[in-house]
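Dear colleague,

I am handing over the structure we spoke about, and I would be grateful if you could look through it with the notes that come after it.

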Amino acid sequence: MSEPNGLAAERTVLGLARPYAARLTGAAALAAGTDLAGLGLMATATWLLITAAGQPPITALTVAIVAVRALAISRGVLRYGERLAGHDAVLRMLTDVRARIFGTLATAPPDPKRQPARSGDTLSRLVSDVDAVQDLVIRVVVPGVAAIAVGGLAAVGVAAVAPAAALALVAGWLVAGAALPATAVAVARRHALAVAPLRGELAADAIDLTHGAADLAAFGATRRAWEVATTRIARLAGVERRLAATGSAIDGAGTLVAGLTTGAVVVVALRAGVSGVTVGVLAVATLAAVESALALVAAARRWAEIRGALRRVADLLATPTPAMDGDPAADRRLPERATLALRGVSVRYRAGGLRALDGVDLTIPPGRRIAVVGPSGAGKSTLAAALARAVPTDEGELTYGGAAVSAYPVESWHRAVGGLFADAHVFHASVRDNLLLGRADAIEPELDAACAAAGLLDWVREQPDGWDTVVGEDGGQLSGGQRQRLALARALVAAPAVLILDEPTEGLDPAAADRVLADAVAAGHDRGVLLITHRLRGLADFDEILVMDSGRIIQRGRPAEVREEPGWFRDQWLLQDAAERGYFRV
Ligand code: ADP
């Protein structure tokens, strides 16, 4: 990550603007032109008013009158051109940024530091982070360049008439265009430090109050939670009010600086013996130049707000993607069916942390059925994630068809290893669309077979809308069991070479669980199956049972062997068997 005060993130992001440099330079020139037209308009109009007061012949005023009209019209036209050129360039640039970032997210191995990157919250933050790139160009760089150009030209213009007055203008411009923006940045930074944690806590309060409303009411805790949130809102509002007051003070100071600078220019110009009319023109031009510098205060404020977003975007842009690295092996063809093997594979979620997977050896040839069991936290889901290349491995090697898996593009890896993972998400879409997410080209008989194996087909047929039944947000319109069956059916439709089933029968009653498991495993007869389960019944037909604990495989063998050996499996099996036979009934 770039250090907070450097401009590395801005440089990385603006590096992507290089192909559009001509358009952006045009936009900055047009922005400067707009400000200069405004400045010229004010100066010419002032000259016109003062000169007209002396009642000269109209012909003496004609050029100025035409100039005023031309400048007034050109200001609007230039502003329009600036917006058009600037947005044209920045929207093209954003397309590149989005493509690069989505490429990174889709293909780079996940970074454990960015694990939550899969959550909706982080996704929406990412979308607004990318929009910050637009603001950097349109609201910071373009107006900044324009203000500096206008200030410089105004100073040169004033210096041509009265060099000492130009010094006063430059001094005022530096206060308005440098000191005040720096103050605005410092204030915004302090504000962000105070507000960010409050906003985060308030968001958590809002989630608790909405999603946890039923539980809060059940425990009579609604009022308390509401009071906590209200207190936080009041504190946030207090901080916001203080920021608004400081912001207004900075804006007021800007207006004051413009007035004082103008006054100083007038005094210095009069002392230098400049004529009255010219002094009037200089005064108005100074006012316009300093006011255009005040645009830098708004630009600086916006810049301070978006810096965090720019750093996150720059970090993502700096993450190499396999495709971008031009790895020659990256397009190696993925075999339809092949043996997946792990040798001494370890996974750590944090550098220096405990191993969630510790030296695991495993071979999954086509057709082999393996059940993975063990206590919670043993590393079962991590094993599935490592096979799916959803977490990077720390040590050891993972091969498919004899080649290291890094030889195969990550984006097509779901055809090798896929299935039903822990916390599978069901989408707010029809049953058919949820299933087709498994494999877009699946045909209706395949959907039928998958739903039949998952025990969902009868339900689908009973629905008035059949396959087009919409299942609600995260399957909210389904029962827990139906939701689980739909997720399982989607995994079966996907038909990868190695089918992972992480607790596929969770939420189903024991009889249904046995049936669904048998059907699901039979549906994958020609591929490897890795079943993760707490339920130890129904595993008799499996080829191998792995018992895991603390990231290691502590026991392995055929079901009959494992059941006979003293240890975790036998103890649990006896307990579950007794429970299901009703020995513990009270
Ligand atoms: P199981 O599936 O057997 O219940 P897991 O594979 O989920 O076990 O977890 C194994 C270990 O890894 C646990 O100690 C767990 O706390 C840790 N772990 C799992 N997922 C993460 C994660 N995303 N970040 C950090 N630690 C994790």
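Below I describe the surroundings of the ligand and then the packing of several helices.

Please keep in mind throughout that this is a predicted model, and that the distances, areas and angles quoted here were computed from it.

The ligand

The ligand is surrounded by twelve residues, and the closest of these are Gly-377, Gly-379, Lys-380, Ser-381 and Thr-382. When the residues of this shell are sorted by class, six are polar, four are nonpolar and two are charged. Helix H10, which spans residues 380-387, gives the most to the shell, contributing three residues.

The side chain of Thr-382 places a polar atom 2.5 Å from an oxygen atom of the ligand, while in the case of Lys-380 a polar backbone atom is 2.9 Å from a ligand oxygen atom. Tyr-349, in turn, has a polar side-chain atom that lies 3.5 Å from a nitrogen atom of the ligand.

The helices

Two packed helices are described by the angle between their axes and by the distance between those axes, and I give both for each pair that follows.

Helix H7 (residues 222-271) packs with helix H8 (residues 276-318) at an angle of about 155 degrees, and their axes are 9 Å apart. Because angles over 145 degrees count as roughly antiparallel, H7 is described as roughly antiparallel to H8. The contact of H7 with H8 is made up, by class, of 14 nonpolar, seven polar and two charged residues, and the crossing of these two helices is right-handed.

Helix H8 also packs with helix H1 (residues 8-15), here at an angle of about 65 degrees and with the axes 8 Å apart, which makes H1 roughly perpendicular to H8. The crossing of H1 and H8 is left-handed, whereas that of H7 and H8 is right-handed.

The remaining pair consists of helix H12 (residues 444-454) and helix H14 (residues 480-494), whose axes are 8 Å apart and meet at an angle of about 135 degrees. H12 and H14 are therefore oblique to each other, and their crossing is right-handed.

With best regards

Conventions. Residues are numbered from 1 along each chain as its sequence is written. This is a predicted model: local features need pLDDT of at least 70, side-chain atom pairs count only at pLDDT 80 or more; totals for chains, interfaces and linings use all residues. Side-chain values use heavy atoms; hydrogens and water are left out. A residue is near a molecule or strand if one of its heavy atoms lies within 4 Å of it. A polar contact is a pair of N or O atoms within 3.5 Å; within protein, one must be able to donate a hydrogen and the other to accept it, and residues adjacent in sequence count only if both atoms are side-chain atoms. Helices (H or I, at least four residues) and strands (E, at least two) are DSSP runs, numbered from the N terminus. Ala, Val, Leu, Ile, Met, Phe, Trp, Tyr, Cys and Pro count as nonpolar, Asp, Glu, Lys and Arg as charged, and the others, Gly among them, as polar. Axes are lines fitted to C-alpha atoms, for helices over the stretch in contact, and angles run from 0 to 180 degrees between N-to-C directions. Angles under 35 degrees count as roughly parallel, over 145 as roughly antiparallel, 65 to 115 as roughly perpendicular and the rest as oblique. A crossing is left-handed if the near helix is turned anticlockwise from the far one by less than a right angle, and right-handed if clockwise.
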